[in-house]
Each structure stands twice: as structure tokens, then as C-alpha cells.
Amino acid sequence: MKTECLGDYIKHKGEKYPCTVSLAMGLVGGKWKAVILYHLKDREKRYSELRREMPSITEMTLSLQLKQLENDGLVSRKVYGKKPPIKVVYNLTDFGKTTIPVLEAITAWGNYVAIEQGELAGGNIK
């Protein structure tokens with residue numbers, strides 16, 4: 001029997017999920033979480049760097065998603081300094097780094113869909 005089918009539900013950090021796919025999507029699903037993880041996969045970044053790399057995300061959404069990713073143990077937040085201006089950097093945790101193969105697979109599939117079916121600035125990508 002598959003791991004995702006061994007019980008009635010999976011419990012993780014107080015939340016119940018009907019299967020392992022639901023658990024995984026709870027951690028990285030939504031419009032922005034995987035994108036944020038993707039931008040952190042190669043090196044740590046400051047909040048302002050993430051905002052520049054994702055100009056269509058609002059500040060409130062980025063802040064909220066980073067907090068959720070931090071609470072779920074995927075992202076770490078380090079604060080340097082005690083008086084403004086302080087430096088805050090975000091990085092993938094060891095647990096967060098386990099998402100890299102998934103992120104790379106999603107990226108490859110997204111590239112495929114964009115090339116085969118997508119449009120860019122009013123024209124086809126092909």
C-alpha cells in the first residue's frame with residue numbers, strides 16, 4: 001500500500017490532511033509559495049531582492065507568505081543588527097532544500113507548457 005493511503009489522514013503541525021499530496025500542497029501550494037522558494041533555491045536574499053525579482057507580488061502578500069514558509073520550517077529568517085537600518089535575509093532551511101527537485105520539475109513543466117501553449121506579450125512563444 002502507498003504511504004499516502006496508510007491512514008484516514010496525515011497530521012502535521014496540528015493540521016489534518018487527507019493525503020500526502022494535500023500535505024505537500026499545504027506547504028508549498030498557492031500562487032506565491034513555490035515562486036518564493038524558487039527564488040531562494042540558489043542563495044539567501046534580502047526582502048528587497050525578492051520584491052525586485054517578483055514585482056507583481058504585493059508587500060503584504062510577500063511578508064505573509066514568508067512568515068508562513070518560516071513557520072512551516074521551509075525558510076529561515078536572519079536579522080543582523082539591533083538598530084535601524086537592520087539587515088534581514090531569507091534562506092532555505094535544510095527542509096526547504098528538499099523542495100528543490102520539485103521546484104525544478106515544476107519549472108521544467110511550466111517551460112514546456114509556455115512553449116507549447118503559451119503566449120508572450122501578445123504573440124506565441126515558439
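# Reading the labels on a predicted fold

Mentor: Start with Gln 68, which lies in helix 4. Keep in mind that the model is predicted.

Trainee: Why is Gln 68 called partly exposed?

Mentor: The relative accessibility of Gln 68 is 29%. Buried means under 20%, exposed means over 50%, and partly exposed covers the range in between. Gln 68 at 29% therefore counts as partly exposed.

Trainee: Which residues of helix 1 are buried?

Mentor: Leu 23, Leu 27 and Val 28.

Trainee: Why do you say that the buried residues line one face of helix 1?

Mentor: Look down the helix axis. The buried residues fall within an arc of 110 degrees, so they line one face. They pack against strand 1 (10-12), strand 2 (15-17), helix 2, helix 4 and helix 5 (94-97).

Trainee: What follows helix 1?

Mentor: Gly 30, with a positive phi near 95 degrees.

Trainee: What makes the phi of Lys 13 worth a remark?

Mentor: Phi of Lys 13 is positive, near 50 degrees, and the residue is not glycine. Most residues other than glycine have a negative phi. Lys 13 sits in the loop between strand 1 and strand 2.

Trainee: Is Lys 13 buried or exposed, and why?

Mentor: Exposed, because its relative accessible area is 53% and the label needs over 50%.

Trainee: What makes the bond between Pro 84 and Pro 85 a cis peptide bond?

Mentor: Omega there is about 0 degrees. Most peptide bonds are trans. Pro 85 belongs to the loop between strand 4 and strand 5.

Trainee: How do you know that strand 4 and strand 5 pair?

Mentor: Count bridges. Pairing needs at least two. Strand 4 and strand 5 have 6, in the antiparallel sense, so they pass. Among the partners, Lys 78 is bridged to Val 89 of strand 5. Val 75 stands opposite Leu 92. The two strands form a hairpin with 6 residues between them, and Gly 81 in the turn has a positive phi of about 95 degrees.

Trainee: Why do strand 3 and strand 5 count as paired?

Mentor: They share 2 bridges, antiparallel again. The cut-off is at least two, so the pair qualifies. Arg 46 has Val 89 as its bridge partner in strand 5, and Lys 45 stands opposite Tyr 90.

Trainee: What makes a set of residues a nonpolar core, and how many does the largest one hold?

Mentor: The residues must be buried, of nonpolar types such as Val, Leu and Ile, and joined through side-chain atoms within 4.5 Å. The largest core here has 21 residues. Ile 36, Leu 37 and Val 75 have the most contacts inside it. Helix 1 (20-28), helix 2 (33-40), helix 4 (59-71), strand 5 (87-92) and helix 6 (100-117) each give two or more residues.

Trainee: Which residues is Val 75 in contact with, leaving aside its neighbours within four places in sequence?

Mentor: Contact asks for heavy atoms within 4.5 Å. The partners include Leu 37, Leu 40, Leu 66, Leu 69, Tyr 90 and Leu 92. Glu 70, Asn 91 and Thr 93 are also among them.

Trainee: How many helices and strands are in the chain?

Mentor: There are 6 helices and 7 strands. From the N terminus they run β-β-α-α-β-α-α-β-β-α-α-β-β.

Trainee: What share of the chain counts as buried?

Mentor: Of 126 residues, 27%. The accessible surface is about 8,800 Å², and carbon and sulfur atoms hold 56% of it. Among contacts with a separation of 6 or more, 39% join residues 24 or more positions apart.

Methods:
Residues are numbered from 1 along each chain as its sequence is written. This is a predicted model: local features need pLDDT of at least 70, side-chain atom pairs count only at pLDDT 80 or more; totals for chains, interfaces and linings use all residues. Side-chain values use heavy atoms; hydrogens and water are left out. Buried means under 20% relative accessible area, exposed over 50%, partly exposed in between (1.4 Å probe, protein chains only). Helices (H or I, at least four residues) and strands (E, at least two) are DSSP runs, numbered from the N terminus. Accessible areas come from the Shrake-Rupley method with a 1.4 Å probe; for residues, only the protein chains shown count as cover. The arc is that of the directions from the helix axis to the C-beta atoms.
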